[in-house]
Amino acid sequence: MTARAAWERMVSDRTLLGAFIGGEFAQSDLIAPREGSHQRAGVTVGGYGVHELIPGLYADGFLTFGAGRNTLEMEIGALDLDGDYTSRTLTAGTALSGLIDRGAYQILPELSLTYGRVRIGEAEFTGHAFGLTDDTLRLEGGEVSRTAISFTPEIRFTADGTPVAQSRAVFSLAPRLTCQRLDALIVEEACGGGLEIGFTGRSEDGLSTFTARAGTERISGRSATTLQLGVNVRF
């Protein structure tokens, strides 16, 4: 679950700048090769900007910083581990996107470059095995970084034939091609793709929107499935 408050300002007719602060909570289950669970609570701050280069062509960028407190529980054979650690994140990105408006449908091609890095400090664990307990276990987590370039030609359309900009119910379909470089214990470079479908509903006064998105992506033999639900209220 993620909640954010953002402040936006038009600094010119073609440029928007914004800043935000937010909090998040995540719960994950570990399945294989180790059983366990992971919880994370954190805060993020950041800024972003959008500039219209020419009508229908936009450049944007963002920068965010985050910190989170993590609780990890794992079962490794006869050994049970549980502990806490702090993680720090940095994410940045830029994109070039277009808008082709055909009334009842829109085409929004986007070419984006993103970079993310997670730094994990020293983790303190307590281990339980064969009736014995050791609370002096320490692990230096190190860091993981990911650089990715993606091309996403999104299509938005309405079911009732009204223009997308005016409709209160908009559907979307977004295939994606991604190439990434993952730098952890080893460096891994791979390409893959995915697909995302979505729905956006607007309130009658246009100030509130509800979004639902579901997507899947497969890169280098790894698959990820996501489901996002969001509410955006302007005031």
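In this predicted model, a salt bridge (a side-chain nitrogen of Lys or Arg within 4 Å of a carboxyl oxygen of Asp or Glu) joins Arg 213 to Glu 196, with the closest N and O atoms 2.6 Å apart. The pair links distant parts of the chain, since Arg 213 belongs to strand S11 (residues 208–219) and Glu 196 to strand S10, 17 residues apart; strands here are DSSP runs of E of at least two residues, and helices runs of H or I of at least four, numbered from the N terminus. Glu 196 counts as buried at 13% relative accessibility, whereas Arg 213, at 23%, counts as partly exposed, where buried means under 20% relative accessible area, exposed over 50% and partly exposed in between, with a 1.4 Å probe and protein chains only.

Glu 196 and Arg 213 are linked with Glu 154 and Arg 156 in a network of salt bridges. Between Glu 154 and Arg 156 the closest N and O atoms are 3.2 Å apart; Glu 154 is buried at 11% relative accessibility, and Arg 156 is partly exposed at 28%. The structure holds seven salt bridges, including one between Glu 188 and Arg 222, whose closest N and O atoms are 2.7 Å apart. Because Glu 188 lies in strand S10 (residues 187–202) and Arg 222 in strand S12 (residues 222–233), this pair ties together parts that are 34 residues apart in sequence.

The protein chain has twelve strands and zero helices, and 25% of its 235 residues count as buried. Leaving aside residues up to four places away in sequence, Thr 64 touches Phe 20, Val 45, Gly 46, Thr 89, Leu 90 and Thr 91, a contact being heavy atoms within 4.5 Å.

On the surface, a nonpolar patch is formed by Leu 53, Ile 54, Leu 96, Leu 111, Leu 113, Ile 149, Phe 151 and Leu 177, with about 700 Å² of accessible area together. Strands S3 (35–54), S7 (105–129) and S8 (132–158) each supply at least two residues of the patch. Leu 111, found in strand S7, is partly exposed, with a relative accessible area of 44%.

Residues are numbered from 1 along each chain as its sequence is written. Local features need pLDDT of at least 70 and side-chain atom pairs count only at pLDDT 80 or more, while totals for chains, interfaces and linings use all residues, and side-chain values use heavy atoms, with hydrogens and water left out.

How values were computed. Patches are made of residues with over 30% relative accessible area and no salt bridge: like charges are joined within 9 Å, nonpolar side chains (Val, Leu, Ile, Met, Phe, Trp, Tyr) within 5 Å. Accessible areas come from the Shrake-Rupley method with a 1.4 Å probe; for residues, only the protein chains shown count as cover.
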